[in-house]
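Hi,

Here is the structure I promised to pass on. Have a look at it first, and my notes follow below.

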Amino acid sequence: MRNFSSDKLYNLQKNPNKIRNICILAHVDHGKTTLADSLVATNGIISAKMAGKLRYMDSRKDEQERGITMKSSSIALLHNLGEEDYMINLIDSPGHVDFSSEVSTAVRLCDGAIVIVDVVEGVCPQTKVALRQAWLENIRPVLVLNKIDRLIMEKQMSPLDAYVYLTQILEQVNAVMGEYFTMEVLGRSDVNKMENTEPNNEDSLYNWSTGLEDEDDSNLYFSPDHGNVVFASAIDGWGFGVEDFAKLYASKLGVSKTVLNKTLWGDYYLQSKTKRVMKGAMEKAKKPLFVQFVLENLWSVYNAIVVRRDKEKLTKIVESLNIKLTARDLRHTDGKVQLQAVCSQWMPLARTVLDMICKKLPSPCEMTEEKVEKLICSSTERFDNLPSETQKLKSAFLNCCGSEQSPLIVFISKMFPVERKHLPQNRPKQLTLEEINQRREQAKQRHIEKLNQDINGHPLSTMIPDANSSNLVAEKYTRENVDESPKEEHEEVFIAFARVFSGILKKGQEVYVLGPKHNPLVALERLRQGEEVDTRATVKDLKSGYYITKIVVNHLYMLMGRELESLEEVSAGNIVGIGGLDDHVLKTATLSTTVACPSFTELTLMVVPILRVAIEPVHPQDMATLTKGLRLLNQADACVQVIIQETGEHVLVTAGEVHLQRCLDDLKERYAKVEINVSEPIVPFRETVIEPPTVDMVNESIQDQGPSVKKTDAQDESTRNGVVTMWTANKQSMIKIRAAPLPAEITTLLETSSLLFKVLDKQFKVKSVSVQAVDEEYKVTNSLTELELSEKAKSNLTEKTLQAIEDLKKKLEVMFKEAGPEWDGAVDQMWSVGPRRCGANILLNRVSNYKRPPMWALIQTGNSPYLEYDSSFINGFQMATLAGPLCEEPMMGVCFIIEEWIILDKPLADVLTETQQPYGPFSGQIMSVVKEGCRRAFQVQPQRLMMAMYSCNIQANAEVLGKMYAVLGRRHGRVLHGDVVEGSATFNITAVLPVVESFSFAPEIRKQTSGLASPQLVFSHWEVLDIDPFWTPNTEEEYLHYGEKADSGNTARKYMEVVRRRKGLAVEEKTPLLHSSNRDSIILMRLGWTLLDSVKRLLDFCEYQRLHK
Ligand SMILES: Nc1nc2c(ncn2[C@@H]2O[C@H](COP(=O)(O)OP(=O)(O)OP(=O)(O)O)[C@@H](O)[C@H]2O)c(=O)[nH]1
Ligand SMILES: [Mg+2]
């Protein structure tokens, strides 16, 4: 039970200056939940003895069983600092990489963060991700260096070694912060340069300054003397900052507290004669102050209590520290218990950390303009292009005013499930003394009546003994507002995890629910035209292009870890739970009293969901329940994706194996409650082409086989030198296409620039609208030039984005130039990228008679007849790159070069109108011929599969390295580098591993290394699998090496066939014509496949027609 009245928190909620919204971030297992326990214990919610053991914030059964946090959850705590009370909304977040989306949802609602680092493991990949997220969301971090007890007990370091080691860890953390800072400043200075550079400005030519020198970075770094670092052992319940020791020693040493504060950490020592603090401890082989006055004391306490079990020393320590141990603690046989009792009183972890939070982390009122702009305006667009009503809301954010006059702005970062029976309104409510007395009277009355009835002849056994006192105790609890039937009590309802940024949210208030795609410009315009938002509509009822619904707020809750507490109202600056939004919010949304409020920018997700499984109910009649369950799962998880494929198959996309397991458990036990069949994991592949290989599978050089293309020529007249000639069905248009592999670095650049291509594409849409508008304007004023139009489109983008597009173009120019003369002018010939207009494949225009502006130009106008079919052409390319011919997976790193495109005069159009043509509209023909042409051009090149690769970081002790390498090798993994962690026997290994070979990798590694190594798998990149999927042994050496069937050698083929089988595509079960040693057999095989695919598609189409008649 909480050790204070809730009213204190309700009062604090109205004063944003006294609120701190913070989250705990760290790599997995660095001690977030253990620290949270200590903080929660200060409010009496759990007992101090259980802090660290209970892991209160891990409320799920599987979280407790597996010992990892899987969701972020918030708890409101009260802390007293000096005279002032503070309310701290503390969010514990998961550290496992699979749940990093939960971190994003937490970080978005906070102003500050506690970053924890396990000092033995040091800075790990998720520590960097956590710091990056904090950086990107402009939230201020403080640092807790945790598990210092491990340096004493496990690593057995001396205090001096530990000090040196701790300085290194601190440097590592600061290096990460420094890196982000430098990147941002350099990015900014690039833009400034672009803005300021005028032609012939000599100064700017010689200005090499990066701007780094002028930027103030003093508040950026963690430093114990700044008070933003705590040294701790969460498990033993202690933690201190240098300030605590400075206070303690100032009078003892006769040195001022301020001086000690600055010098207790660092290369300072105490000159014993003069009692003065001097610099240069290391150089003069003196003990630094931190070692002499802090660490040595700590070490001796551990030594006496845990190692030597010295009772006398314990009594002395207790006396000198002026603390009290209970008799039970003193008697305890486990030294750790006594140590925890001593240390948690000597240097209480919770007080130190909570003090630091209140002093060093910002209140909601300290929001910066930069953060507001980041929250409501995408990084690629300009804030000043938002409607003026929207721009005005900036001040509402900055003022964080909780008055009725301020516009209400609430952001919902996720929806989390709660069983209906756990809602406060459905929970048994404790009765007041008056109510208990009243009930006692009623019960007595009933009892007397019953007795009277019994006297009148009723048997005594039927008497209900409800008047005795024990039953009265049971009656102390009653249900308030029990509006649900018992069956529904187990039903899940969703609570929105939200923060009020401005205004006041009250029960009974009517507010707009703005979806993530809501655009204030459009909404304001609709409102002006008199359109109203339908108050009865839910998200499902909205027409396409509409994203606003309206609700009356009915349930508000204070989030208390495992519990919820009803609230009447909540004002700006608070984190809150909102009920009743199940049908209005999918994953995220904004609530506001005005439609001018923009939707917040998308959460920055740090993982790519890559692991897919198909699921179906065991009993087909459960399909509807499963679909409903999937909908709920999708709503409850920021990272999960549920896809219903054309085949009707339900596919679940998750971040990794642990995440997948949690989703399946949730589906089975909470959301659908039906038995389900789960397919083998579906792993994505990419398809690509490569330069003709020079060596065969046994590393013999290929000479006599000749280039594959030549032989194909003989087979197919329409293919020459890799150039495929295609005609539309009505023979009116001819296209010549060639496929070529893109240089690897260009593919990578395209992949990493997908956001910019999306921006370009979006502008393209704006532009085509503008073109129409301008056409009309031309008629009237004839004033806007193409240049002005292009400027208009440009003005939507920030300088930074325009600069980034320009940089991308320049980089591509350089890369193409380096790649060789065949790529001359490629950047200006770029027609499109695909798939989805942002992928890593290029369409090049080398058509002599169709000069179209490159895709970079923001305006495409002209009078070529080809322009009409331009978008059909691009669509054909998009379709081809979305599903390649190997196994219908997307292409990657392929360039399609259009060598020729001819449209003859319309011979048939004279007679027939477009729709009457037997081959369908001409634009459709162009699209399908481009698609088919790209596929064929792809097939005449040497084709390869690309595999998704995980990168994994493993920390392992030297003795288990061998076993770990063996597991990696068996799974086709590669070690990139392995460094020994300084001052320990631990190795930090970075390896890459194909996703397809990664299943059960983590448990296997743990088993093989007896739990000493535990890997974190994160998607890293795509890699070409350099085996021809159609390869069969060709030369004598290959026969010798692989045997006739060569099944074992061709992993590419194995992967490809798995995918084809899964997609219901034709698979050649036996290798045809094993003994024919030329490529004709392969070509025949491919043709056979194509034919079978076509037949299958035709059958599918017929079935579709039949079903939809
Ligand atoms: N020796 C030692 N162990 C600790 C300390 N703090 C936490 N642990 C242990 O580290 C393990 C992980 O602790 P958690 O608090 O669950 O870690 P976490 O960061 O919440 O982990 P995730 O939520 O899964 O990312 C537990 O076994 C704790 O007992 C510490 O200060 N010293
Ligand atoms: Mg945890």
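Predicted model: local features only at pLDDT ≥ 70, side-chain atom pairs only at ≥ 80, totals over all residues.

The peptide bond that joins Gly834 and Pro835 is cis, with omega at about 0 degrees.

Now the big picture. The protein runs to 1109 residues, and 51% of them count as buried. You will find 36 helices and 36 strands in it. If you take the contacts with a separation of 6 or more, 75% of them are between residues 24 or more positions apart.

Next, the metal. Which residues coordinate the magnesium ion, ligand 2? Thr33 and Thr69 do, each through its OG1 atom, at 1.9 Å. The two come from distant parts of the chain, 36 residues apart: Thr33 sits in helix α2 (residues 32-41), while Thr69 is in the loop between α3 (61-66) and β2 (73-81). Are these two threonines buried or exposed? Thr33 has a relative accessibility of 6%, so it counts as buried. Thr69 comes out at 8%, so Thr69 counts as buried as well. While you are in this part of the chain, look at Asp29, in the loop between β1 (19-26) and α2. Asp29 is not a glycine, yet its phi is positive, at about 70 degrees.

Then there are two helix pairs I would like you to see. As a reminder, packed helices are described by the angle between their axes and the distance between the axes.

The pair to start with is α9 (residues 242-253) and α11 (residues 289-307), whose axes come within 11 Å and cross at roughly 115 degrees. Angles of 65 to 115 degrees count as roughly perpendicular, so that is how α9 stands to α11. On the α9 side, the contact is made by Val242, Phe245, Tyr249 and Leu253; on the α11 side, by Phe290, Phe293, Val294 and Asn297. The crossing of α9 and α11 is right-handed.

Gly254 counts as exposed because its relative accessibility is 64%. Its C-alpha atom is separated by 9.0 Å from that of Arg276, which is 22 residues apart from Gly254 along the chain.

The other pair is α30 (residues 870-882) and α31 (residues 922-939). Their axes come within 7 Å and cross at roughly 35 degrees. Here, too, α30 passes α31 in a right-handed crossing. The residues that meet include Phe873, Phe877 and Met879 from α30, and Ile926, Met927 and Val930 from α31.

That is what I have so far.

Cheers

Key
Residues numbered from 1 in each chain as written. Chains lettered and ligands numbered in written order. Heavy atoms only, no water. Donors = N, O, S within 2.8 Å, 3.2 Å for Na, K, Ca; no water. Helix = DSSP H or I, 4+ residues; strand = E, 2+ residues; numbered from the N terminus. Buried < 20%, exposed > 50% of the residue type's maximum accessible area, 1.4 Å probe, protein only. Contact = heavy atoms within 4.5 Å. Axes fitted to C-alpha atoms, helices over the stretch in contact; angles between N-to-C directions. Parallel < 35°, antiparallel > 145°, perpendicular 65-115°, else oblique. Left-handed = near helix turned anticlockwise from the far one by under 90°.
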